Amino acid sequence: MLDMLEKSTVWQDLQKIRAEAPLVHNITNYVVMNTTANALLVIGASPVMAHAPEEVEEMANLAKALVINIGTLSAAWIDSMMKAGRAARLKGIPIVLDPVGSGATRFRTETAQSLLRTAPPSIIRGNASEIRSLVLADQRTKGVDSVHSSEETIEEAQALSRIVGCVVSVSGRTDLVVDGIRTIRVMNGHPLMSRVTGMGCTATVLTAAFAAVNPSFLEAAANAMALMGIAGEMAAEHSLGPASFETCFLDALYSLQESDIRCRLRMEIA
Amino acid sequence: MLDMLEKSTVWQDLQKIRAEAPLVHNITNYVVMNTTANALLVIGASPVMAHAPEEVEEMANLAKALVINIGTLSAAWIDSMMKAGRAARLKGIPIVLDPVGSGATRFRTETAQSLLRTAPPSIIRGNASEIRSLVLADQRTKGVDSVHSSEETIEEAQALSRIVGCVVSVSGRTDLVVDGIRTIRVMNGHPLMSRVTGMGCTATVLTAAFAAVNPSFLEAAANAMALMGIAGEMAAEHSLGPASFETCFLDALYSLQESDIRCRLRMEIA
Amino acid sequence: MLDMLEKSTVWQDLQKIRAEAPLVHNITNYVVMNTTANALLVIGASPVMAHAPEEVEEMANLAKALVINIGTLSAAWIDSMMKAGRAARLKGIPIVLDPVGSGATRFRTETAQSLLRTAPPSIIRGNASEIRSLVLADQRTKGVDSVHSSEETIEEAQALSRIVGCVVSVSGRTDLVVDGIRTIRVMNGHPLMSRVTGMGCTATVLTAAFAAVNPSFLEAAANAMALMGIAGEMAAEHSLGPASFETCFLDALYSLQESDIRCRLRMEIA
């Protein structure tokens with residue numbers, strides 16, 4: 001096991017995002033569109049939300065990364081997700097898939113699995129129950145909240161990573177990021193993060209922004225989780241509850257300095 | 001008229017919600033999805049938003065309560081509301097209907113009335129104009145804001161309650177909750193609540209969370225309005241305007257203690 | 001060039017909005033629905049969001065202004081935009097068009113141009129790249145962010161104004177408002193405004209509220225941009241980052257007094 005602090009690229013990636021303002025194309029759910037657009041803006045990226053089949057290929061072609069999030073799925077959007085995914089593959093930009101609620105209903109599980117085949121993602125980012133639902137038959141979850149821990153899910157994450165040929169990022173008390181060979185653990189974060197809607201979806205869009213500037217998707221995914229967790233710890237110090245936490249969290253992401261990362265980063269590679 | 005403080009179940013219900021984290025399935029409008037998901041999370045419930053006809057029955061079957069809110073209605077969603085409503089009835093979980101904007105357009109009034117027949121709710125929660133539009137022909141309202149007071153609407157609320165066989169909760173300066181026999185008045189609240197979008201819809205989802213843990217829907221509906229009003233009063237003491245109020249309101253819902261209820265509750269039963 | 005402070009109608013219009021609470025009908029994008037509903041509420045207007053073809057004409061008929069915003073466009077919504085636009089024209093209420101992302105994809109550019117013909121707006125409010133895309137062939141933009149300054153776009157804005165016969169409002173470091181004859185410049189604002197999603201869309205809905213009470217659409221559009229900028233400056237003095245800025249901004253809009261306008265207004269007419 002190796003301490004990654006010495007060679008961490010979190011700060012380097014964040015500086016690139018702030019300098020290059022990569023356009024991140026999102027096909028995502030109604031609940032978090034505002035939240036994740038703001039999260040991308042505060043770290044210096046440029047968000048765009050577009051879901052019409054008439055424009056998703058063109059928009060994906062303008063972008064540096066594509067987010068597909070099935071949080072408030074409907075049949076009409078699946079077609080757009082597939083189209084945008086294929087355009088992103090052709091252009092060679094990273095796709096980050098967030099299988100929100102996979103395992104809760106057959107519709108979501110089957111759609112997520114079908115997206116794995118049609119538009120294989122560069123990174124899958126979900127909670128433990130969602131990740132398990134993509135490899136285990138009859139895996140169930142409770143709505144959109146996980147009933148498993150990330151550590152319980154390491155084998156499933158590694159299996160999924162090998163089957164799809166992508167990085168798998170499992171959020172939880174400890175975040176796990178695997179690529180089939182290596183496993184990175186991120187121990188940053190704060191319990192209040194589970195009391196704000198869309199924090200998982202926010203992790204997903206930050207993952208996409210990092211993947212837009214870092215060709216190692218393993219590093220990109222781990223760096224995004226580290227940034228989330230560090231901003232979460234900073235925010236919790238000034239919060240009175242989940243709503244002021246959300247405000248402080250976005251402000252922390254905006255103003256975060258190299259020293260904040262140096263003091264707080266808790267990342268391990270195995 | 002009886003002071004309900006002695007036998008109030010607000011705190012008991014809130015503790016149950018925090019302990020059991022009931023899953024609340026929402027088919028609701030785009031404007032408030034984020035707000036109401038956060039309101040459910042801060043009181044300890046588990047929200048899920050799902051509207052696709054392919055999954056609403058399955059999702060309702062996982063849930064402990066169903067919210068149907070017609071705030072940004074379209075034809076495709078009505079079918080899902082009916083389907084989810086029927087599944088909820090079969091499973092025996094409470095349905096809370098929020099007829100947002102009923103009375104403003106024929107489309108909304110007719111849809112709300114049709115939902116009363118197809119998937120009779122356990123509780124209807126709306127403002128005075130919306131409630132009136134469900135019993136009076138040619139009742140009009142201005143957009144989604146009420147032009148009547150709750151006290152002016154007591155007879156219509158009682159009539160609606162008897163016709164549908166459900167609890168009717170009318171929000172206003174004084175909140176009225178009726179079940180055809182009894183009338184509960186909740187006098188908590190603050191004028192800033194009318195300057196934040198989605199406060200009515202938030203009352204609706206809290207009503208659903210309370211109905212998930214309290215089999216008396218009359219009590220559940222009144223307790224939810226009391227919790228709203230108490231958190232509103234607490235928030236107003238630390239707010240500079242509607243936006244900081246919204247933050248303080250959610251934080252207050254999160255951290256609210258038994259003593260806050262004991263000091264502030266203003267509920268009367270007649 | 002004339003200093004407009006003496007005869008500014010910003011405060012007079014704001015008082016009218018607070019007194020009359022004009023109903024503003026919005027057909028807008030998913031990202032900003034909550035934000036813009038709150039912005040309308042804090043200045044005293046009454047927002048309603050409705051997009052179903054079954055009800056948009058009826059809703060537009062209840063309203064004092066109509067907002068059409070193509071931010072998360074899909075084919076089904078275009079029909080509703082056209083219908084609502086025609087109803088608004090017939091009733092004689094102002095239409096404010098926000099061509100979000102026009103220039104980024106053919107679908108958005110063509111839809112915006114088609115809306116200019118079918119339901120000619122009273123005011124077009126967009127960023128420089130969006131405005132340019134409506135008059136220049138093959139004008140491209142990056143997602144929904146502008147790659148041009150407003151000053152570079154004055155000729156295009158004037159041309160667009162003359163072709164459509166409407167006021168054109170171009171937001172940027174300096175906001176430009178033109179009607180084909182006169183040009184108003186608003187120099188209020190703060191850089192943090194570009195780090196919060198939906199600030200452009202908020203400018204659009206405030207423009208609609210001002211147009212609901214001021215028959216001079218040139219003045220209405222300029223006054224809305226001035227109010228935005230002044231509230232932005234006030235908010236920036238109490239913010240730690242974009243998220244606390246957004247809260248302070250809405251609170252400032254709510255509590256803004258005549259003296260704030262008198263001290264801060266920087267508007268010039270040429």
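Leaving aside its neighbours within four places in sequence, with which residues is B:Val24 in contact? The model examined here is predicted, and local features need pLDDT of at least 70, side-chain atom pairs count only at pLDDT 80 or more, and totals for chains, interfaces and linings use all residues. Residues are numbered from 1 along each chain as its sequence is written, while chains are lettered from A and ligands numbered from 1 in the order in which they are written.

With those neighbours set aside, the contacts of B:Val24 are B:Leu40, B:Ala45, B:Ser46, B:Pro47, B:Ala63, B:Lys64, B:Ala65, B:Val67, B:Val205, B:Ala208, B:Ala209 and B:Ala212 (contact: C-beta atoms, placed from the backbone, within 7 Å).

Chain C is superposed on chain A by a rotation of 120° with 0.0 Å of shift along its axis, at an RMSD of 0.0 Å (least squares on the C-alpha atoms of residues with pLDDT of at least 70 in both copies). The two copies are therefore related as by a three-fold rotation axis. Within chain C, the C-alpha of C:Tyr30 is nearest the axis, 3.7 Å from it.

The contact between chains B and C takes 29 residues from chain B and 25 residues from chain C. On the chain B side, helix H2 (33-43), helix H5 (106-118) and helix H10 (242-255) each give two or more residues (helices are DSSP runs of H or I, at least four residues, numbered from the N terminus). H10(B) gives the most to this side, with four residues.

Methods: Contact = placed C-beta atoms within 7 Å.
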